[in-house]
Amino acid sequence: MSDVVALDSISKSYDQKVAVHDLSLTIESGSMFGLLGPNGAGKTSSIRMIVGITMPDSGQVNLFGRRFHRDSLKRVGYLPEERGLYKKMVVMDQLIFMGQLRGLTESVATQRAKSWCDRFDILDSTSKKTEELSKGMQQKIQFISTIMHEPDFIIMDEPFSGLDPVNTSLLQDTLVELKNKGKAILFSTHRMDQVEKLCDTICLVNKGEAVLSGTMREVKSRYPRNRVVLQYEGSNAFLNFPGIADAKNYPGSAEIKLKPGASAQDLLHLAAAHATIYKFELAEPSLEEIFIETVGGRIDA
Amino acid sequence: MRNIFLIAKREFLERVRSKVFRVTTVLVPFGVLLVATGGNLVAKKAGGLSHLAIASNNAALATTMKEQLAASSHPPQSVQIVSPATPQARTQLTNELTAGKLDGFLWITGKPGQTRPDATYYTRNGSDLFSQSLLQNNLGRAALRQALISRGISPPEAQSLVKPIKITTLQLKSGQAVKTNVERSYMGIYALVVLLYGVVLIYGTNMARSIADEKSSRIFEVLLSSAPADNLMMGKLLGVGGSALLQVAIWIAITLAFAGTHLAAQIGVNGLSSLGINLAELVYFVVYFVLGFFLYSAFSAALGSTLNSSQEVQQFAFFIASPLIVSVMLMAYVMSHPNSLASTVLSLFPPFTPIIMYLRICSQTPPWWQIGLSIALLAGAIWGMIWIAARIYRIGILMYGKRPTLPEILRWLKYS
């Protein structure tokens, strides 16, 4: 394991607006890193500094153990949020062009584009213009164009937007596979469930500053295990349990927040007495709850 | 270098493979040809006073007038002489004119011995100024011939005395008097102006539009994370420029192929020489066209980088080409004072250089150092404009929403 990316207290302002303030983070090879935050928090500004579109006003970006240099970008794959393709260009030409731009020869680019398109089941569409394809297909093509030069560091900005569950899981599996091959992956999204499932390390930014960071375990262990998720059939009388601070009741399931010191075991006994329990889970707050709590519930999107 | 080439190739192929390119490549020369040929035929018809009658009591004057017209640049097909000019004759001529058998008749009156006759021209087309001046010109000469004869000059001598005198124009080029044809040498300049203006308008806005399009998608982020902005700009400029130059080359090839044909000879075009261009001027033509085109394209690129959508480009198309229009307005002055200080300074100002310097070269070759300096300045301006465009592109894309003001753009140039 080695540091693929190390941001050393970088800052960036545009005119009066501070986009990023004193942000530091490291991403190790073979790990998936979640960069989270509400819209306008500075995620994209940070990513742009990592890939050299802009330079930080202060602080330093290190890639692959040395100070930022354009040559390092050949080992980086960046998938911007949507629409990162030439609409009028034929899919195969587009993939070959992108591959060449990142240093592949034409023949290698062609061969890799074909094999990825085959794997993603879009080989039939490669002779069409990009604009003729569905949004999900375009996203797959963009995904291929990002990883076909086999970068050691992959940046994914909302990679699953516009994808159906089948394709989402196809891309997720691919990312996990790449991670297991030792690639570092930076994953920027609003989808907390995906982050929770995929990421080893996270950093939550708000108003340009890192407000929460560490491994998923570390972050979560800072919060008490006082969340109960319960799947049941029968009476919901257990919701009157005095130790409940807050509860959301859905058809067949309930999400409960316990008061400090309340016993989850007592709640389980009570519930089992009146209903059939299929699942009972005692957990830390979900990442989504942590997110909302940390950024103060004021989120633009 | 590799990135510049890749991007240039992509831009070039995207344009050359498009339907618009194929259609305009073929249609534009044929459209121009059609207009030129059609215009010429119409001009011939309109300018041709085909059937004319001349009525006068002075038969000798009428005959001389007929001779004059027959020898003019646009001789009528038939000239009928009516003498004497009686009221009945006038009624009949009026009827023939109304029936369309005549295009007009000239009614000449004058007492015997009067050297300057009075004349009235009857026509259905009151706005045919060309025929009127043709008649006026020749009637004056005919009357003069008659007057000379009546003073004892022999008729052939009288005829030759009234002929217009041809002036040969000699142009001093590097101290040597060279025979030139003023009208023709300016044809070359006008060709440059029209070509440059047209191509800048089409491909300049095309350049601006493609950049504005890239801004409205996120493709620029992918590109910028793979190549520096000035590489992108340079590649774009070369790709778009290459496709424009290819198209112009095809147009010129078609024009040249056509210029040798019989049809061309009919409308007064005869090979390259009819543009009044010699080989040296042709080289300058190409140099200034190419450099001028790239400067204006780089300017369009910078402008396109400040816009948010391709719709906005339309409003700025005129702005891009405005320095060209200013140079056209300056042409009259520079033609008459090709070596004045003002002309020299104007011709060294890069946006004006292509037209003004070429104009100076065609009228009175300026010193070598000025030509060299103008090319160097133009090349420098292109480089500078690409640098500015690249900066605006890189920063401008990060800013969405309202169009930036000029002070904001200047501030962008300072960001890294």
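Among contacts in chain A between residues at least 6 apart in sequence, what percentage join residues at least 24 apart? The share is 68%, where two residues are in contact if their C-beta atoms, placed from the backbone, lie within 7 Å.

The model shown in these views is predicted; local features need pLDDT of at least 70, side-chain atom pairs count only at pLDDT 80 or more, and totals for chains, interfaces and linings use all residues. Residues are numbered from 1 along each chain as its sequence is written, while chains are lettered from A and ligands numbered from 1 in the order in which they are written.

View 1. Of the 301 residues in chain A, 37% are buried (20 or more other C-beta atoms within 10 Å of the residue's own, with C-beta atoms placed from the backbone). Domain 1 covers 3-215 and domain 2 covers 224-283, with bounds that come from an automatic or database domain assignment. Taken over C-alpha atoms, the centres of the two domains of chain A are separated by 40 Å.

**View 2. The side of chain A that touches chain B.** Here 22 residues of chain A are in contact with 17 residues of chain B. On the chain A side, β6 (76-79) and α2 (91-101) each supply at least two residues. The most come from α2(A), which gives three. By class, this side of chain A has 12 nonpolar, four polar and six charged residues. Ala, Val, Leu, Ile, Met, Phe, Trp, Tyr, Cys and Pro count as nonpolar, Asp, Glu, Lys and Arg as charged, and the others, Gly among them, as polar.

**View 3. Helices α11 and α12 of chain B.** Helix α11 (residues 279-306) and helix α12 (residues 310-336) of chain B pack at an angle of about 145°, with axes 11 Å apart. Axes are lines fitted to C-alpha atoms, for helices over the stretch in contact, and angles run from 0 to 180 degrees between N-to-C directions. From α11(B), B:Tyr296, B:Phe299, B:Ser300, B:Leu303 and B:Gly304 meet B:Val313, B:Phe316 and B:Ile320 of α12(B). The residues of this contact are six nonpolar, two polar and no charged.

**View 4. B:Leu223.** This residue is found in helix α8 (residues 219-224) of chain B. B:Leu223 counts as buried because 25 other C-beta atoms lie within 10 Å. B:Leu223 and B:Ile7 are 216 residues apart in sequence, and 9.4 Å apart in space from C-alpha to C-alpha.

How values were computed:
Helices (H or I, at least four residues) and strands (E, at least two) are DSSP runs, numbered from the N terminus. A residue is buried if 20 or more other C-beta atoms lie within 10 Å of its own, exposed if 12 or fewer, and partly exposed in between; C-beta atoms are placed from the backbone.
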